[in-house]
Amino acid sequence: MSVDFDTKILGIDLGGTKILTVVTTSQGKILSTIQNMTPVKEGRDAVIKSILESATRVIEQANMVINDISVIGIAAPGLSNPETGILFTSPNLPGWKDVPLSDMVEDKFGRKAFLINDANAAALGELYFGAGRGALNLIYVTVSTGIGGGIIINGKIYTGSIGTAGEIGHMVIDVEGPSCRCGNRGCWEALASGTALAREATERINAGESTSILKRVNGEIERINAEVIHEAARDGDRLANELVARTAYYLGVGLSNLINIFNPEIIIVGGGLSNMGNMLLKPAIKEAGRRAFKQAYREVRFAVAELGRNSGVMGAAAYALEKLSCKTGIR
Ligand SMILES: [Zn+2]
């Protein structure tokens with residue numbers, strides 16, 4: 001099958017809280033989209049059933065049948081092998097181990113399916129259809145509850161020898177730093193993610209610092225999150241501004257490492273914390289400039305992700321398209 005203007009792709013983004021499915025053209029025009037909750041608590045089989053149902057419905061909703069679909073792309077959180085389509089483990093999907101996800105989807109639909117990590121997918125989504133169009137060397141950084149990423153080298157996603165590359169959130173920034181959920185210490189995401197920001201706020205409030213943050217969550221300290229801290233910072237709260245500045249500082253340290261290692265032409269920042277915009281990104285980029293090689297820093301562009309909630313699902317579709325093109329030699 002060849003890739004042309006009429007190629008239709010089924011994209012699936014399996015998240016810890018939602019399953020997003022689309023039918024899209026090879027040009028990135030979304031023809032149909034469905035979002036469901038992920039029944040994580042009901043276990044693996046229920047989640048897979050839900051994926052298959054959602055995919056069936058999204059094809060129907062586009063007034064199509066499965067024969068109209070050329071290829072299927074699946075994005076999933078956690079560690080997976082894109083060559084075998086096996087999802088090893090995922091922090092967002094407890095109990096999942098070595099699940100042959102792409103085979104399961106292929107068996108149902110009789111179409112080739114390709115699996116890719118969700119952050120790698122998002123990088124591809126931005127490369128094909130978003131802020132990274134036309135770039136060859138791109139790093140995508142998503143900053144939300146954790147930090148994830150995708151590395152595009154010479155126009156191709158770099159997935160490593162068994163597919164687990166791009167875990168930029170777990171580069172160590174501070175060897176004595178706070179523990180990370182991966183078991184290590186001082187990882188980038190343990191210092192610069194939304195979770196790190198909320199944890200730091202909680203610690204400083206517990207230590208007695210005065211701030212409007214507590215009032216914003218009606219005194220329920222466990223409700224403190226990055227969004228509330230952002231609002232407080234915008235309203236001039238001193239502690240909130242200090243916390244955002246601290247996050248920006250660590251974000252910048254990590255960005256400088258990425259610039260020095262990869263010499264990218266563009267770094268795209270997505271995820272919930274990118275909504276803070278310049279308040280967070282400006283000082284982070286400045287800090288990166290203080291640390292990175294000047295020549296590399298001068299040439300790198302910074303951009304905010306354009307695809308929002310669709311980055312993973314469109315990236316999954318782009319990945320499937322890329323795999324299909326490899327076979328047919330087009331692109
Ligand atoms: Zn870690």
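Visitor: Leaving aside its neighbours within four places in sequence, which residues is Leu251 in contact with?
Guide: Keep in mind that we're looking at a predicted model. Skipping the neighbours within four places in sequence, Leu251 is in contact with Val143, Ile147, Trp188, Ala192, Leu280, Leu281 and Ala284. Contact here means that heavy atoms come within 4.5 Å.

Visitor: What makes a group of residues like that a nonpolar core?
Guide: The members must be buried residues of kinds such as Ala, Val, Leu, Ile and Trp, joined through side-chain atoms within 4.5 Å. The largest such core here has 45 residues, and Leu251 is listed with Val141, Trp188, Ile213 and Ile229 as having the most contacts inside it. Among the elements that give two or more residues are β8 (138-143), α7 (226-234) and α9 (278-291). Helix α8 gives the most, with 11 residues. There's also a second, separate core of 32 residues, which includes Ala122, Leu124, Val313 and Ala317.

Visitor: Why is Thr21 called buried?
Guide: Buried means under 20% relative accessible area. Thr21 has 0%, so Thr21 is buried. You'll find Thr21 in strand β2 (residues 18-25). Setting aside neighbours within four places in sequence, Thr21 is in contact with residues including Gly11, Ile34, Ala55 and Val313.

Visitor: And His230, is that one buried or exposed?
Guide: His230 has 12% relative accessibility, and because the cut-off for buried is under 20%, His230 counts as buried. His230 lies in helix α7. Beyond neighbours within four places in sequence, His230 is in contact with Asn275, Met276 and Met279.

Visitor: How do you know that Arg238 forms a salt bridge with Glu242?
Guide: Check the distance between their closest N and O atoms: 2.6 Å. The rule asks for a side-chain nitrogen of Lys or Arg within 4 Å of a carboxyl oxygen of Asp or Glu, so the pair passes. The two residues are four apart in helix α8, which means they are separated by about one helical turn. Salt bridges that share partners join Arg204, Glu209, Arg238 and Glu242 into one network.

Visitor: How many salt bridges does the rule give?
Guide: The count comes to 17. One of them links Arg44 and Asp45, with closest N and O atoms 3.6 Å apart. Arg44 is partly exposed at 32%, while Asp45, at 57%, counts as exposed because the cut-off is over 50%. Another links Asp98 and Lys97, at 3.5 Å. There Asp98 is partly exposed at 41%, and Lys97 is exposed at 59%.

Visitor: What makes the arrangement around the zinc ion tetrahedral?
Guide: Let's start with the donors: His170 (ND1), Cys180 (SG), Cys182 (SG) and Cys187 (SG), at 2.0 to 2.3 Å. Four donors count as tetrahedral if all angles lie between 85 and 135 degrees. The angles here are 105 to 121°, so the arrangement is tetrahedral. Ideal angles for four tetrahedral donors are 109.5 degrees. Along the sequence, the donor residues are spaced H-x9-C-x1-C-x4-C. Cys180 and Cys187 are both buried.

Visitor: Why are β10 and β12 said to stand at the edges?
Guide: Follow the strand order in this open, mixed sheet of five strands: β10-β9-β8-β11-β12. β10 (156-157) and β12 (301-304) each have a single partner strand, so one side of each is left without a neighbour in the sheet.

Visitor: How do you know that β8 and β11 pair?
Guide: Pairing needs at least two bridges, and five bridges join β8 to β11, which run parallel. For instance, the bridge partner of Ile139 is Ile267 in β11.

Visitor: What about β5 and β6: how many bridges join them?
Guide: Three bridges join β5 (residues 79-81) to β6 (residues 86-89), and these strands run antiparallel. Asn81 stands opposite Ile86 in β6. The two strands form a hairpin with four residues between them, and Gly85 in the turn has a positive phi of about 75°.

Conventions: Residues are numbered from 1 along each chain as its sequence is written. This is a predicted model: local features need pLDDT of at least 70, side-chain atom pairs count only at pLDDT 80 or more; totals for chains, interfaces and linings use all residues. Side-chain values use heavy atoms; hydrogens and water are left out. Buried means under 20% relative accessible area, exposed over 50%, partly exposed in between (1.4 Å probe, protein chains only). Donors are N, O and S atoms within 2.8 Å of the metal (3.2 Å for Na, K and Ca); water is not among the atoms, so sites may look incomplete. Four donors count as tetrahedral if all angles lie between 85 and 135 degrees; four count as square planar and six as octahedral if opposite donors are over 155 degrees apart and all others between 65 and 115; anything else is irregular.
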